Amino acid sequence: MMVQHPSLSARRRAVRSLVAVAALGAACALLPGCGKSGADAAAPPEPAPPVIQSGQLRFPSGHPQLALLGTVEARAAKDVAVDLPARLVWNEERTQRIYPAFAGRITSIQADLGQPVKAGAPLALLASPDFGQAQADTAKAHAGQSLAQQSLKRQRELFEAGIIARKDLEQAEADAAGAQAEVARAAARTRLYGSAAGVNQQLALTAGMGGVVVERNLNPGQEVRPDQSGPALFVVTDPTSLWVQIDARESDLSSLRPGDPITLQVPAYPGATFTGKVTATADAIDPGTRTIKVRGVVPNADRRLKAEMLATARVQESRAGGVMVPASAIVLDGTQHVVYVRREAGVFEPRKVELAQEGPAEVIVASGLQPGDAVVNQNALLLARQFQSMTEDAAAAKKAAP
């Protein structure tokens with residue numbers, strides 16, 4: 001049974017309606033007296049039906065259905081636009097996910113969704129005994145350093161007076177150096193989290209980069225721990241640049257090298273296009289889907305695009321062989337792709353073809369056609385059904401004949 005090519009199924013119902021309306025309109029336009037009534041409306045002569053002959057469908061000259069069967073010449077393939085499924089995500093090079101470094105309880109929230117923040121801005125405050133312990137360690141290190149310096153001073157005075165041996169002075173110097181290193185270590189730890197002095201157990205969760213708060217996954221009074229599973233407490237990103245993740249086929253990789261341009265379309269903005277470029281390609285193919293992940297970057301200065309939007313990535317792929325025809329010219333006969341070629345005026349024959357590449361509007365035929373062949377690209381499905389019906393009728397009549 002003839003069915004339309006899978007890439008054209010969205011047009012199937014529209015084609016049926018168009019064929020029915022266009023057939024009536026074409027017949028009316030080509031036949032004299034159409035639309036008249038009474039004495040002026042002479043009954044038009046019935047056009048001779050098409051016939052099947054030598055595997056070809058032949059229409060008599062002037063048949064009204066010929067007006068519906070538009071054709072186009074197949075041409076040598078050069079390049080084709082290919083649509084690939086894609087998804088928009090945050091640009092991870094401009095994104096920070098913030099987790100708690102110490103266990104504690106959220107006391108206040110300083111930033112909310114959609115709020116722009118600068119680097120170092122506090123997002124939430126955390127009361128943390130563990131952080132208080134780190135602060136206390138810093139304070140103890142400072143006290144130990146002070147004591148070690150005083151001891152070193154006394155040992156030097158005693159050594160100069162000849163009261164103690166040099167080894168006692170050297171031990172005091174080593175203790176002082178160790179105390180100084182401990183201060184540097186403890187202070188660096190607390191300074192990393194926003195507090196280098198004092199013991200108040202207050203830890204500020206801060207933004208490490210400027211951007212916009214796009215996720216907030218905590219509430220006042222909530223207990224948090226560094227080892228807890230789940231999403232980040234905050235996600236801060238620069239939404240003026242997004243990544244696009246493309247699921248490509250092996251045959252598409254030659255057109256998806258780093259630096260190659262891509263065009264995106266998203267359902268939220270019909271007719272609008274967004275441009276970007278490929279930045280990286282995975283080194284392994286998914287064995288289940290036989291696709292490979294390709295990553296691109298898309299500028300988003302007006303922030304119209306949103307993370308997790310589904311998109312269609314369109315790339316231009318070059319082809320050195322085969323011929324190109326409109327996708328509307330392809331129909332299916334079972335599992336075989338077929339086009340209808342106009343051999344001469346009013347004469348059409350089916351031609352089995354092998355496809356090399358399918359695009360949204362055009363396809364590349366690897367075999368079965370030659371450049372210059374005139375293929376039916378308007379109402380090809382109507383012609384295919386008519387050819388099948390007449391072939392079946394002829395076979396039934398031959399079988400029933402004595």
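The axes of α2 (residues 129–160) and α3 (residues 166–192) come within 8 Å and cross at roughly 160°; axes are lines fitted to C-alpha atoms over the stretch in contact, with angles from 0 to 180 degrees between N-to-C directions. The two helices are therefore roughly antiparallel (over 145 degrees). Their contact has 13 nonpolar, 9 polar and 8 charged residues, with Gly counted as polar. Helices (H or I, at least four residues) and strands (E, at least two) are DSSP runs.

This is a predicted model: local features need pLDDT of at least 70 and side-chain atom pairs pLDDT 80 or more, while totals for chains, interfaces and linings use all residues. Residues are numbered from 1 along each chain, and side-chain values use heavy atoms, without hydrogens and water.

About 200 Å³ of space lies in the largest pocket, a volume filled by probe spheres set on the grid points. A pocket is an open set of points on a 1 Å grid where a 1.4 Å probe fits, with protein on both sides within 12 Å along at least five of seven lines; lining residues have an atom within 4 Å of a point. Of the 15 lining residues, the closest to the centre are Ile 98, Tyr 193, Ala 204, Leu 205 and Thr 206. Strand β11 gives the most, with 4 residues.

**Aromatic pair Phe 59 and Phe 348.** The ring centres are 6.0 Å apart (pairs lie within 6.5 Å) and the planes at 80°, so the pair is edge-to-face (over 60 degrees). Phe 59 lies in the loop between β3 and β4, and Phe 348 in strand β23, 289 residues apart.

Conventions. Parallel < 35°, antiparallel > 145°, perpendicular 65-115°, else oblique. Phe/Tyr/Trp six-rings, centres within 6.5 Å; stacked < 30°, edge-to-face > 60°.
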